[in-house]
Amino acid sequence: MHRRISWIAAVAVAMVVFLAGCGSKNAESIVKDLDKVVDKMESYEGSGTMILHTGQQPLEYKVEVWYQKPDMYRIALTNAKRDITQIVLRNEDGVFVLTPQLNKSYRFQSDWPDNQGQVYLYQTLADSIIKDNSRQFATDKDTYVFDVMAGNYQNGSFARQKIWLAQDDYSPKHVEVSDANGNKMVEVIFNTFEFGKKFDKSAFDMDSNMGVTPGSNSKPSEGAPSPGASASPDASAAPDATASPNSTEAPDATASPDGQPPAEEEPTPAQNTSFSLIEPDIEALPAGVELLDQTDLQLVDNPAYMLRYTGSYDFTITETPARVEEVAMNEGDMLDLGFTLGHMTEGAVRTLTWTYDGIKFRLTSEDLENPDMVRIAQSMVDSSGK
């Protein structure tokens, strides 16, 4: 009788171990499943909160991500504090950054996001898990947690990332990206995520996202030309942001940034815009840098400003009203600023351009690195506006 009980107990223990083994997965099996999910994925929709921890105070954004195979994207980023929304849109006509409230759009010549990772895109997160053979793996309640390298991002300050995936369908729940010292840089918390989302035909149409009914005879809102419409290069009348901080020559407010006269064709004039000077947070400046001078300018009926900094690095920031038209960025690269995409041109002088809340910013330097430029740009967002 005793031997029979022992045998039954041994069988029971074996069954428990077997069933437990069947119900658990290791990192390798999950990675294989994840690879299949990405390969078969047709579309998805996700929403949540993104927090940038790069300044004195965290910047919080509502983020909404739409994807339709093969390469249609719509990312809406809303400043939770100021209710300003910018949309990054990729469709068959190109890559656009839209500000619907201000009827402004900018078109980029880019293969984004194929050439750079985005922390809120599922493909980026899955790819970083699949390719990192040194990945660390754990389980947390109903999620799988991966700790992997953050080498697929454009920002050189990103070192590691933790990614939480739902155990039932591998949808993203939470992402944290940190620097080499373990300081949290970016965080995304997904509230909803749905694979196989069915979108309307107009979901990725630029006019629709700018508030214009596709196919109507009505003229698009100012600054929102029809998709694929040709646009001249940016010839906005901006101060000479390439001037050395040690130069005493007044900036030329009638010339374009490349020193050439404006295009002969008159652009659609911007509305009379009044806005206050916006300065970067002191904490965001590289060590040893201080403000050299400030110049107030007048462009037609609109104010403009120029700030020059010197010290361990020299750079210039100009602020002008954004043109009420689409501008094609024909050369350079897109730079992820977190809250939007910026346009970076390389050379002896490097220039980062971005627009936010009706203001066009231009940061120019010979020696600033990308992470410093991104940090300075992000520090100016919370005080941006008219």
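This is a predicted model: local features need pLDDT of at least 70, side-chain atom pairs count only at pLDDT 80 or more; totals for chains, interfaces and linings use all residues.
Author: Local features here need pLDDT of at least 70, side-chain atom pairs count only at pLDDT 80 or more, and totals for chains, interfaces and linings use all residues. Residues are numbered from 1 along each chain as its sequence is written, and side-chain values use heavy atoms, with hydrogens and water left out.

Reader: Why is strand β5 called largely enclosed?

Author: Buried means under 20% relative accessible area (1.4 Å probe, protein chains only). In β5 (residues 94–99), 6 of the 6 residues are buried, so the rest of the structure largely encloses this strand. Gly94, Phe96 and Leu98 point one way and Val95, Val97 and Thr99 the other way.

Reader: How do you know that β4 and β5 pair?

Author: Two strands pair if DSSP finds at least two bridges between them. Strand β4 (residues 85–91) is joined to β5 by 5 bridges, therefore they qualify, running antiparallel. Ile87 has Leu98 as its bridge partner in β5.

Reader: What makes the meeting of helices α2 and α3 a contact, and which residues make it?

Author: Contact means heavy atoms within 4.5 Å. Val31, Leu34, Asp35, Val37 and Val38 of α2 meet that limit with Tyr122, Ala126, Ile129 and Ile130 of α3. By class, 8 are nonpolar (Ala, Val, Leu, Ile, Met, Phe, Trp, Tyr, Cys or Pro) and 1 is charged (Asp, Glu, Lys or Arg).

How values were computed. Helices (H or I, at least four residues) and strands (E, at least two) are DSSP runs, numbered from the N terminus. Buried means under 20% relative accessible area, exposed over 50%, partly exposed in between (1.4 Å probe, protein chains only).
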